[in-house]
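Here are my notes on this one, written for someone opening it for the first time. Keep the view beside you as you read.

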Amino acid sequence: MEASKHLGKQVKRVAIALGSNVGDSPAILKSALDILDHTPGIVLEATSHCYRTVAVGPPQPDVLNACALLATTLEPQDLLSTLLQIEAKFGRVRRERWGPRSLDLDLLLFDDQILQQPGLQIPHPRMNQRAFVLVPLAEIAADWVEPVSGKAIAELLQQVDCSGVKEIVFTHD
């Protein structure tokens with residue numbers, strides 16, 4: 001953790017999910033992670049591999065998914081605002097629930113907090129049912145205990161069908 005970024009502030013551990021199915025998804029996810037890592041009050045600590053899954057919602061292209069672990073001094077609402085601003089930089093417009101997206105950044109876990117506020121629920125309310133979240137999250141945080149269920153991410157992963165989650169290996173020309 002860079003001391004200069006977090007002078008005297010309490011650092012929290014955070015898990016986020018990233019998704020994209022519009023545009024150059026690999027480049028979008030990489031750029032979003034780079035922006036996060038260069039945002040004051042945020043340090044990128046780990047990222048999962050990318051996984052391709054069938055999109056939830058109306059017919060649309062498959063989604064490229066990943067997860068990341070952050071260290072942050074931001075409060076949950078401030079972090080959510082930052083994530084929404086980054087989505088907007090990539091042209092994210094919320095027209096329909098679960099519609100196609102250039103970038104989707106979801107706040108999954110914030111330390112061991114349980115929080116219910118308008119527009120923000122932590123842990124993410126549907127993460128425990130979604131293999132496209134649990135597979136990449138288990139890769140980087142298998143032992144993290146989800147505070148509502150009291151189960152580790154690895155345990156939650158065993159309770160979902162992962163057959164539609166395919167790891168993507170990028171080759172360089």
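1. The lining of the second largest pocket splits into 8 nonpolar, 3 polar and 2 charged residues (Ala, Val, Leu, Ile, Met, Phe, Trp, Tyr, Cys and Pro count as nonpolar, Asp, Glu, Lys and Arg as charged, and the others, Gly among them, as polar). Of these 13 lining residues, Lys30, Leu33, Thr47, Ser48 and Cys50 lie nearest the pocket's centre. H1 supplies the largest share of the lining, 5 residues. A pocket here is an open set of points on a 1 Å grid over the protein atoms alone, where a 1.4 Å probe fits, with protein on both sides within 12 Å along at least five of seven lines; lining residues have an atom within 4 Å of a point.

2. A word on what you're looking at: this is a predicted model, where local features need pLDDT of at least 70 and side-chain atom pairs count only at pLDDT 80 or more, while totals for chains, interfaces and linings use all residues. Residues are numbered from 1 along each chain as its sequence is written, and side-chain values use heavy atoms, with hydrogens and water left out.

3. The chain has 4 helices and 10 strands, in the order β-α-β-β-β-α-β-β-β-α-β-β-α-β from the N terminus. Both kinds of element are DSSP runs numbered from the N terminus: helices are H or I with at least four residues, strands are E with at least two. Of the 173 residues, 47% count as buried (buried is under 20% relative accessible area, exposed over 50%, partly exposed in between, with a 1.4 Å probe and protein chains only).

4. Now the inside. The largest nonpolar core holds 27 residues, and Ile16, Leu18, Leu79 and Leu107 have the most contacts inside it. Such a core is a set of buried Ala, Val, Leu, Ile, Met, Phe, Trp, Tyr and Cys residues joined through side-chain atoms within 4.5 Å. Strand E1 (12-20), helix H1 (25-37), strand E4 (63-72), helix H2 (76-89), strand E5 (104-110) and strand E7 (120-122) each give two or more residues to this core, and H1 gives the most, with 5. Apart from this core lies another, of 22 residues, including Ala17, Phe132, Leu134 and Val135.

5. Which residues does Leu79 touch, not counting those up to four places away in sequence? They are Val14, Ile42, Thr72, Leu74, Leu107 and Phe110, where a contact means heavy atoms within 4.5 Å.

6. Have a look at helix H3 (131-141). It is mostly covered, with 10 of its 11 residues buried. Among what covers those buried residues are E1, strand E2 (42-47), strand E3 (50-53) and helix H4 (153-157).

7. Two backbone spots deserve a check. The peptide bond from Ile122 to Pro123 is cis, with omega near -5°, and Pro123 sits in the loop between E7 and H3. Asp111 has a positive phi of about 50° although it is not a glycine; Asp111 belongs to the loop between E5 and strand E6 (115-117). For background, most residues other than glycine have a negative phi, and most peptide bonds are trans.

8. Last, the tail end. Val169 falls in the segment after strand E10 (166-168) and is exposed, with a relative accessible area of 65%. Val169 and Cys50 are 119 residues apart in sequence and 7.7 Å apart in space, C-alpha to C-alpha.
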